[in-house]
Amino acid sequence: MDVVLVIIFLVIIVALSLVIWWQHKNYVKPVKDIKQAAQRIYDGDFSVRIFIKNKNETGSVCALINKIADQYLALQQKLEDKSKELERTTKSLDNFAYVVSHDLKAPFNSIKSIAELLRMEYNDKFDESGRELLHFIDIKVNEMDKLLVGILQYSRVRQSEEKVEPVDLNQEINEVINEIKPPANVQVEIKNPLPTVHIEKDLIHKVFQNLVENAVKYSNKTEGHIDIGSEKHDNLYTFYVSDNGKGIDPKYFEKIFNIFYSIQEPDTEPTGSGVGLAIVKKIIEYKGGQVWVDSEVKKGSTFYFTLPANGSH
Ligand code: ADP
């Protein structure tokens, strides 16, 4: 009797083990495989594929996951092709802008010299309205000069010949202020010690140069204040250049970053070429940051830009 019981017990154990093994082989293991594969796809590894052993439900889930991975891989490839195409188009547009502005420089310089010669040699031979016309030529020649320099700089942003290196921004901003030489009624204050960032020196110089130049140019108070500072959050620096100048209507907040966009005041001569902020935007986005403005008309403007703290290239 005891022997029979033992045999029955053993048979039950073996049967149970077989059921557990079968369950594990057909359901537990495939579910684990599916979970692992789904995690790898979620992490961005679209090369993962699950070996389909069974033609049951888990097998069809595995086949579906493989198809999703196939589709993601194809999409990723398409995206890479498109971004390479975009890169090529941007490069050829930059080259086109560079060649056009570079080649226009020579005939333009001749026109500039002829106008200068006319003014120097023949000024007293012109009557009042002739001299006024000469004056207009001067103004337009200056505008054209700024435009050509601006387009040249804009087209060269991604072709900076300088290397990425640690740049102490305290030193850089002092160089910029010394170059701009703000008038005595405009105080520039560095609100906190600025960091050292890894970037091409000429690029970050141009960013601060354009922002500080604008803050000075659009200052309209008897006592002008320009504040410069930075903050660090996680892996990102946020810089600001703030002024108490004429301010900007919110409807222009986006437009002013477009190339050649200047806010034209009625009955006044244009003050710039509308290239400065476009250059700032191109440089900052190239380095993986963002730029934006906050402003109130008559009260002042604050331009912000971010840069990754560990450099972007
Ligand atoms: P530009 O100054 O040569 O016109 P920018 O691209 O530097 O070109 O600036 C575009 C426009 O944004 C300017 O025409 C001006 O109206 C406005 N702007 C830029 N900076 C300031 C500022 N700090 N305060 C007020 N307006 C500004």
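# Chat: a first look around

Visitor: How does valine 14 count, at 48% relative accessibility?

Guide: Valine 14 counts as partly exposed, because its relative accessibility is 48%. Buried means under 20% relative accessible area, exposed over 50%, and partly exposed in between (1.4 Å probe, protein chains only).

Visitor: What should I know before we go on?

Guide: This is a predicted model, in which local features need pLDDT of at least 70, side-chain atom pairs count only at pLDDT 80 or more, and totals for chains, interfaces and linings use all residues. Residues are numbered from 1 along each chain as its sequence is written, and side-chain values use heavy atoms, leaving out hydrogens and water.

Visitor: Where is valine 14?

Guide: In helix 1, residues 2–42. Helices (H or I, at least four residues) and strands (E, at least two) are DSSP runs, numbered from the N terminus.

Visitor: Which residues make a nonpolar surface patch with Val14?

Guide: Leu18, Trp21, Trp22, Tyr27 and Val28. With Val14, they make a patch of about 620 Å². Patch residues have over 30% relative accessible area and no salt bridge; like charges are joined within 9 Å, nonpolar side chains (Val, Leu, Ile, Met, Phe, Trp, Tyr) within 5 Å. The areas come from the Shrake-Rupley method with a 1.4 Å probe, and for residues only the protein chains shown count as cover.

Visitor: New topic. Why is helix 6 largely enclosed?

Guide: Nine of its eleven residues (276–286) are buried, so the rest of the structure largely encloses helix 6. Among the buried ones are Leu277, Ile279, Val280 and Tyr286.

Visitor: What covers them?

Guide: The cover of helix 6 includes helix 2 (57–122), helix 3 (128–156) and strand 7 (300–308). Just after helix 6, glycine 288 takes a positive phi of about 85°.

Visitor: And which residues of helix 4 are buried?

Guide: Leu169, Glu172, Ile173, Val176, Ile177 and Ile180. They cover an arc of only 135° around the axis, which puts them on the same side of helix 4. The arc is that of the directions from the helix axis to the C-beta atoms.

Visitor: How far apart are the end C-alpha atoms of helix 4?

Guide: 16 Å. That agrees with the 16 Å its twelve residues (169–180) should span. The expected span is 1.5 Å times one less than the number of residues.

Visitor: How many salt bridges does a search of the whole structure find?

Guide: It finds 17. A salt bridge is a side-chain nitrogen of Lys or Arg within 4 Å of a carboxyl oxygen of Asp or Glu.

Visitor: Which residue does glutamate 175 meet in a salt bridge?

Guide: Lysine 201, at 3.5 Å, N to O. This pair links distant parts of the chain: glutamate 175 is in helix 4 and lysine 201 in helix 5, 26 residues apart.

Visitor: And aspartate 45, what does that pair with?

Guide: Aspartate 45 forms a salt bridge with arginine 40, with the closest N and O atoms 2.9 Å apart. Arginine 40 is partly exposed, at 41% relative accessible area.

Visitor: Last one. What is arginine 131 in contact with, leaving aside its neighbours within four places in sequence?

Guide: Asn123, Asp124 and Phe126. Contact means heavy atoms within 4.5 Å. Arginine 131 is found in helix 3. Its C-alpha atom is 8.1 Å from that of arginine 119, twelve residues apart along the chain.
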